[in-house]
Each structure stands twice: as C-alpha cells, then as structure tokens.
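Hello,

Here is the structure I said I would pass on. Please open it first, then read the notes below it.

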Amino acid sequence: MESENGTVITEFILLGLTQSRDIQLLVFVLVLIFYFIILPGNFLIIFTIRSDPGLTAPLYFFLGNLAFLDASYSFIVAPRMLVDFLSEKKVISYRGCITQLFFLHFLGGGEGLLLVVMAFDRYIAICRPLHYSTVMNPRACYAMLLVLWLGGFVHSIIQVVLILRLPFCGPNQLDNFFCDVPQVIKLACTNTFVVELLMVFNSGLMTLLCFLGLLASYAVILCRIRGSSSEAKNKAMSTCTTHIIVIFFMFGPGIFIYTRPFRAFPADKVVSLFHTVIFPLLNPVIYTLRNQEVKASMKKVFNKHIA
C-alpha cells in the first residue's frame, strides 16, 4: 500500500555490522559483557547522586542526568543489535526505523547540549566563583535541563520530518546495524541533495560548532587556573581533563559521520558502534572514576547495602 509521500516500503533489511559469523559472535560476546557490567554502573551513579545529601551541587545534578541520558541512549541500538546477531534475517519496520532514528537524535542532541551546560557550569565555578551560587541556582539548573531536552527534541523532529517527506520505493537494504540518517536517505527514490544539505546543517554543523565552542571554553578555563593554588589547580585540571575526554568521545564520531556528504566509508560501521553503544556507557563512568567525591559516596552506598 502506498502512503501519501509515495512510500511503498514497509520494512528495511539491516545488513548488520559484518557478514562474518565469527566476528559477529566475538562482537556479540564483548558487547554483552560490556553492556551488563557498565550499564548497572550508570544506574549506580544515578542512585548514589540521588541518595547522598552531600552531592547536591549542580555538577552532580548534571552528572546524574548525563548517566540517565547515556543509559537511555544505549537502549536505542544495543539490545536490538544483540538480538540481530542471533537472527538470520535482520528486519526493522518502516515505523520502527523512524522511531529509532527519532530517539537516537533526541537523546544524542540532548546530551550534546548537556555537555555545553556542564562546560558553562565549570566556567562559572572556576572563573566566576563569587557568582556561582547566584547563577547556578536550582531554578536555573532545571531551566537549563528543560532547554536541553527541548533542544534535543527540536533537533530530532527536524530530521524525522525531512525523512517522512521522502518516498521509499526500493531497494530496502540498510548497510548498517541500525537506522540512521545517512543510510536511510540514500534509499529514497528521489534526488536527496537538498535534504542532505539540510541534514548536514542540522546535525553536522551543530555538532562541529558545539565541539569547537566547548574546546574554546575549556581552553579559557585552563588559562584562568594557571595562577591558582596547587590544590585548586589540580582539582580543576582533573575535572576539565575529564570533560575534554568525554567531549572527544561524544563529538568525534558525530563529526566524522554527519559533517560530510552521506556516502559510505569503510570505517563508518566501527565508528557508529563506538558512537551508539560503547562511548555512551563509558562517559559517566569516566566522570566518576576521576571524581573523588562521587567515588567515596559510591563506596559508602555500596558498603551500607552490603552490611
């Protein structure tokens, strides 16, 4: 049955990460182990921050939200990918593909904006410490959280609307293990040049500008702390270094995927695997391992429940 936009395809066939059964089995085992070790760690971070009265600073409020966003993000692709590894035919419905694409960019866009907010928080804390409690009050934190969720929604809905307007009449094979903009657009049976430009502008340019802006903000912060006392300098350096690592994890693959014309490269699938499965689970853990207050609080929570 043909829809209003001329689409006759009702499902897409996912070609998967690789055609080699041995590599599929290896990746399946590694991702499964990684998933069930790191994911509970993210939920432990959320529980620790929510239950410890000493972790009420905006930094921990945003860290808890980062753990929630990344845990949610990991549910979009990883579970289905693990199931598809065990399936002979990897099929996703047209509506399921659009839904996956929407949540991928909704949560991904929200996380990118959250990292911008966290950079702003660190800038005020380090460069304007006397104004910190005034600027980063609870109402302002919740307002920023609302803005980043709305920003992620607007970013994602633009992608979905543009794709829904495209006709899909065959073929229906997606050369990937999940639905994303570059692969889906290429299957449209019409000229997609203008749509690709709009997508690159919406995803690629936004990703690149956020990345460059974040690097510039942390460069300013690092310059400001050069004259600080040794202890304060070391603590600020540790926090900023952690943020910069996560920024590269978050924005590096995004820049590679979305800031160029939508044509396939050999490294696309590997970059997508890290971008959608590995890095989202690692980000909060990296923050936590370099934050002494959260680590100490997690030990107290763990010991309390064990005892």
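**What was found**

Val 91 has a relative accessibility of 24%, so Val 91 counts as partly exposed; buried means under 20% relative accessible area, exposed over 50%, and partly exposed in between (1.4 Å probe, protein chains only). Before going on: this is a predicted model, in which local features need pLDDT of at least 70 and side-chain atom pairs count only at pLDDT 80 or more, while totals for chains, interfaces and linings use all residues. Residues are numbered from 1 along each chain as its sequence is written, and side-chain values use heavy atoms, with hydrogens and water left out.

Val 91 is found in strand β2 (residues 91–93). Helices (H or I, at least four residues) and strands (E, at least two) are DSSP runs, numbered from the N terminus. Setting aside neighbours within four places in sequence, Val 91 is in contact with Glu 11, Phe 12, Ile 13 and Arg 80, where contact means heavy atoms within 4.5 Å. Val 91 and Glu 11 are 80 residues apart along the chain, yet their C-alpha atoms are separated by 6.7 Å.

**Salt bridges**

The whole structure has 4 salt bridges, a salt bridge being a side-chain nitrogen of Lys or Arg within 4 Å of a carboxyl oxygen of Asp or Glu. One of them joins Arg 80, a contact of Val 91, to Asp 84, with the closest N and O atoms 3.7 Å apart. These two residues are 4 apart in helix α2 (residues 58–85), which means that about one helical turn separates them. Arg 80 is partly exposed, at 30%, whereas Asp 84 is buried, at 8%.

Another salt bridge is between Lys 269 and Asp 175 (2.8 Å, N to O). Lys 269 lies in helix α9 and Asp 175 in the loop between β3 (173–174) and α6, so the pair ties together parts that are 94 residues apart in sequence. Lys 269 is buried, with a relative accessible area of 16%; Asp 175 is partly exposed, with 43%.

Glu 196 and Lys 186 also form a salt bridge, with 3.1 Å between the closest N and O atoms. Glu 196 lies in helix α7 and Lys 186 in helix α6, so this pair ties together parts 10 residues apart in sequence. Glu 196 is buried, at 12%, and Lys 186 is partly exposed, at 46%.

How far does helix α9 (residues 268–289) reach from its first C-alpha to its last? The helix has 22 residues and reaches 30 Å, close to the 32 Å expected at 1.5 Å a residue; the expected span is 1.5 Å times one less than the number of residues. A kink of about 50° lies at Phe 279, shortly before Pro 280. The bend at a residue is the angle between axes fitted to the seven residues ending there and the seven starting there. In α9, 18 of the 22 residues are buried.

Helix α7 (residues 193–224) has 32 residues and should span 46 Å; its end C-alpha atoms are 45 Å apart, which agrees. α7 bends by about 30° at Phe 201. Its buried residues include Glu 196, Cys 210 and Ile 221.

Cys 127, in helix α3 (residues 94–127), is buried at 6% relative accessibility. Leaving out residues up to four places away in sequence, Cys 127 touches Arg 122, Ile 221 and Arg 224.

Regards
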